[in-house]
Amino acid sequence: MQNVTVVDHPFIKHKLTLMRKKQTSTANFRLLLREISMLLAYEALRDVKVKDEEIETPLATIQSPVLDGKKLVLIAILRAGQGILDGMLQIVPNARVGHIGLYRDPKTLDAIEYFYKVPQDLSDRDVIVCDPMLATGNSAVAAIERVKASKPGSLKFVCLLTCPEGLKTMHEAHPDVPVYTASIDERLNDHGYIIPGLGDAGDRLFGTR
Ligand code: URA
């Protein structure tokens with residue numbers, strides 16, 4: 001798989017197993033998604049720019065690295081992307097935040113946009129689009145297309161789970177966008193759900209079913 005990083009730390013694997021279990025409560029599902037997202041952020045942000053700043057410790061004056069450049073932008077695909085966003089914001093609390101509302105047409109599985117609000121000037125900014133499930137890939141492709149029109153400095157996609165079909169769609173449309181995920185599952189079923197997956201991420205996150 002090109003341009004895909006599977007972040008398969010044992011802690012992530014363990015927490016993902018708990019998330020997959022159908023008896024896991026809404027509260028625990030939400031907490032686990034937040035925890036895994038912090039770990040995914042850690043990996044996805046490995047290459048952020050730093051610059052040296054002169055500081056004084058109690059014992060010496062040194063040049064020490066601090067984050068450089070414009071503030072990062074995190075964009076959640078509604079509604080389940082909010083779960084990943086919450087975790088990533090724990091790592092980068094100063095990030096700017098955007099939301100893209102897309103729903104899947106139940107018949108065609110196409111992504112239909114109903115909301116778009118992102119920080120105004122994305123040029124020179126590192127942008128991360130997040131959604132827990134890269135399933136058909138249609139929502140992710142549409143969201144990234146939309147964001148690309150604002151010419152961000154860099155663009156990445158972070159998800160909890162994906163499957164070969166979603167990655168193929170994503171890679172064909174946006175081969176330049178690196179994908180970070182905790183797992184590449186087996187396949188997509190006829191209803192566009194990831195198998196074995198964890199069910200409907202939005203419903204499990206918000207307790208709507
Ligand atoms: N969206 C979900 O919430 N779950 C899937 O398995 C696929 C898409």
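Predicted model: local features only at pLDDT ≥ 70, side-chain atom pairs only at ≥ 80, totals over all residues.
In which loop does Arg79 lie? Arg79 is found in the loop between strand 4 (73–78) and helix 3.

**Backbone features**

The peptide bond that leads from Leu78 to Arg79 is cis, with omega near 0 degrees. A cis peptide bond also joins Ile195 to Pro196, again with omega near 0 degrees. Pro196 belongs to the loop between strand 14 (194–195) and helix 6 (201–206). Another backbone feature concerns Asn3, which has a positive phi of about 60 degrees although it is not a glycine. Asn3 is located in the segment before strand 1 (4–6).

Ser64 is placed in strand 3 (residues 61–67). Ser64 and Asp52 are 12 residues apart along the chain, and their C-alpha atoms are separated by 5.0 Å. When neighbours within four places in sequence are left aside, Ser64 is in contact with Lys51, Asp52, Glu53 and Ile55.

Helix 1 contributes Phe11, Ile12, Lys15, Leu16, Leu18 and Met19 to the contact, while helix 2 contributes Phe29, Leu32, Leu33, Glu35, Ile36, Leu39 and Leu40. By class, this contact of helix 1 with helix 2 has 11 nonpolar, no polar and 2 charged residues.

Helix 2 (residues 26–44) also packs with helix 3 (residues 81–91); their axes come within 7 Å and cross at roughly 55 degrees. That angle makes helix 2 oblique to helix 3. The crossing of this pair is right-handed. On the side of helix 2, the contact is made by Leu33, Arg34, Ser37, Met38 and Ala41, and on the side of helix 3 by Gly83, Ile84, Asp86, Gly87, Met88, Gln90 and Ile91. The residues of the contact between helix 2 and helix 3 comprise 6 nonpolar, 4 polar and 2 charged.

Helix 4 (residues 138–148) and helix 5 (residues 164–173) pack at an angle of about 25 degrees, with their axes 9 Å apart. Angles under 35 degrees count as roughly parallel, and helix 4 and helix 5 are therefore roughly parallel to each other. Helix 4 passes helix 5 in a right-handed crossing. Asn138, Ala140, Val141 and Ile144 of helix 4 meet Thr169, Met170 and Ala173 of helix 5 in this contact. The residues of the contact of helix 4 with helix 5 fall into 5 nonpolar, 2 polar and no charged.

**The ligand site**

Which residues surround the ligand? The ligand is surrounded by Arg104, Met133, Ala135, Gly192, Tyr193, Ile194, Gly199, Asp200 and Ala201.

| Protein atom | Ligand atom | Distance |
|---|---|---|
| Ile194, backbone N or O atom | oxygen atom | 2.8 Å |
| Gly199, backbone N or O atom | nitrogen atom | 2.8 Å |
| Ala201, polar backbone atom | oxygen atom | 2.7 Å |

How values were computed:
Residues numbered from 1 in each chain as written. Heavy atoms only, no water. Axes fitted to C-alpha atoms, helices over the stretch in contact; angles between N-to-C directions. Helix = DSSP H or I, 4+ residues; strand = E, 2+ residues; numbered from the N terminus. Parallel < 35°, antiparallel > 145°, perpendicular 65-115°, else oblique. Left-handed = near helix turned anticlockwise from the far one by under 90°. Contact = heavy atoms within 4.5 Å. Nonpolar A, V, L, I, M, F, W, Y, C, P; charged D, E, K, R; others polar. Near = heavy atom within 4 Å. Polar contact = N/O pair within 3.5 Å; in protein donor to acceptor, adjacent residues only side chain to side chain.
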